[in-house]
Amino acid sequence: MAPAGPVAEDRIEVALHRCAGLGLDVRLAPAARGRHGTYLAAPDDARLADLQAAFDDPDVDAVWALRGGYGTMRVLARLDLSGVAAAPKAFIGFSDNTALHLALHARGVVSYHGPNAGSDVTELTETCLHRVLFRAEPAGLLPVPADRPARVLHGGTAEGTLIGGNLALLAAMAGTPAALGTDGRILFVEDVGETAYRLDRAWTQLALSGALDGVAGVAFGRFTDCGEGVMDLLAELTAPLGVPVLADLPFGHEPDNWTLPLGVRGRLAADAGTLSLLEPGVS
């Protein structure tokens, strides 16, 4: 489905082909091919109806976003998550879908920050998706490309449940009922197309709101098209936290995109450049 921005027909075909290749019995949500204005897939009522129907239908095991963009926040206030809280099912997506991940996390539901169904992906992405979503056992050490190891910003090791997503959306959700909280948790963050001062502003907003109080560790993914010097900025912003911090891990707006389950316990070993999942995300 398309809970936010409009989806090109070729991306829908990629998604349908991918689902078939995974052996899934796929349904395309009624509003997925829609367009409303310049940046929404369909009017709010239609996108809300798609989400509500999918979360409430006992025959649906997973809800997979076709893309991000913007718009998911617009329907959160009217989305009833009581059914999915009582009978959890997988929600998969990233970018703007961060808003829905936080809402599900607030209801105690594990959801999956991973590739959108219509995204271009690599073998690494597919491997991680399988390990996290199709095996009822801990995924363990997540794969990192040999030619692009993680960057250590601050050393150490931390354990805690994972929470996070797109930095701009994490900041935008501050002050809402599903606002980010990181006490005792490992925070993972990515972004795309943001200038240094906007990244700084979003992170500082989270810090001032108390969202970063008690964070156990930070795992930064890819900050695609965010300009030079972003690693130095991230190191500077996280130094006051005094916790392990890794950067340039393979998740975000690039074909390498880990599937990270919010609410599942992980271990961040900054000096080793690794993140491991210690619990299964599915049963």
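**View 1. Arg47 is a buried residue, with a relative accessible area of 1%.** Buried here means under 20% relative accessible area, exposed over 50%, and partly exposed in between, with a 1.4 Å probe and protein chains only. This is a predicted model, in which local features need pLDDT of at least 70 and side-chain atom pairs count only at pLDDT 80 or more, while totals for chains, interfaces and linings use all residues. Residues are numbered from 1 along each chain as its sequence is written, and side-chain values use heavy atoms, with hydrogens and water left out. Arg47 sits in helix 2; helices (H or I, at least four residues) and strands (E, at least two) are DSSP runs, numbered from the N terminus. A polar atom of the Arg47 side chain lies 2.7 Å from the backbone oxygen of Ala42. Look around Arg47 and you will find, among the residues it touches, Ala2, Pro3, Leu40, Gly71, Thr72 and Arg74, with residues up to four places away in sequence not counted; contact means heavy atoms within 4.5 Å.

**View 2. Tyr39 and Tyr70 make a tilted aromatic pair, one of six aromatic pairs in the structure.** Their centres are 6.1 Å apart, with 50° between the planes. Rings of Phe, Tyr and Trp (its six-membered ring) pair if their centres lie within 6.5 Å; planes under 30 degrees apart count as stacked, over 60 as edge-to-face and the rest as tilted. The pair links distant parts of the chain, 31 residues apart: Tyr39 belongs to the loop between helix 1 (9-21) and helix 2 (44-56), and Tyr70 to the loop between strand 1 (62-64) and helix 3 (73-76). Tyr39 is partly exposed at 43% relative accessibility, and Tyr70 is partly exposed too, at 35%.

**View 3. Phe251 and Trp258 stack on one another.** The planes meet at 20° and the centres are 6.1 Å apart, so this pair counts as stacked. Both residues are buried. Ring pairs also bring in Phe188, giving a cluster of Phe188, Phe251 and Trp258.

**View 4. Four strands build an open, mixed sheet in the order 1-2-3-10.** Two strands pair if DSSP finds at least two bridges between them. Strand 1 and strand 10 (260-262) are at the edges with a single partner strand each, so one side of each has no neighbour in the sheet. From one strand to the next, the twist averages 25°. Strand 3 (residues 111-113) and strand 10 run antiparallel, joined by three bridges, and Ser111 stands opposite Leu262 in strand 10. Helix 5 (residues 98-106) lies across strand 2 (90-93), strand 3 and strand 10, at about 150° to strand 3. Axes are lines fitted to C-alpha atoms, for helices over the stretch in contact, and angles run from 0 to 180 degrees between N-to-C directions.

**View 5. Helix 6 (residues 123-133) has buried residues that pack against several strands.** Leu124, Cys128, Arg131 and Val132 are among these buried residues. Their partners include strand 1, strand 4 (140-141) and strand 12 (274-277).

**View 6. The largest nonpolar core holds 88 residues.** Such a core is a set of buried Ala, Val, Leu, Ile, Met, Phe, Trp, Tyr and Cys residues joined through side-chain atoms within 4.5 Å. Those with the most contacts inside it are Phe55, Leu100, Trp203, Phe220, Phe223 and Trp258. Helix 9 (residues 230-238) supplies the largest share, six residues.

Note on methods:
Polar contact = N/O pair within 3.5 Å; in protein donor to acceptor, adjacent residues only side chain to side chain.
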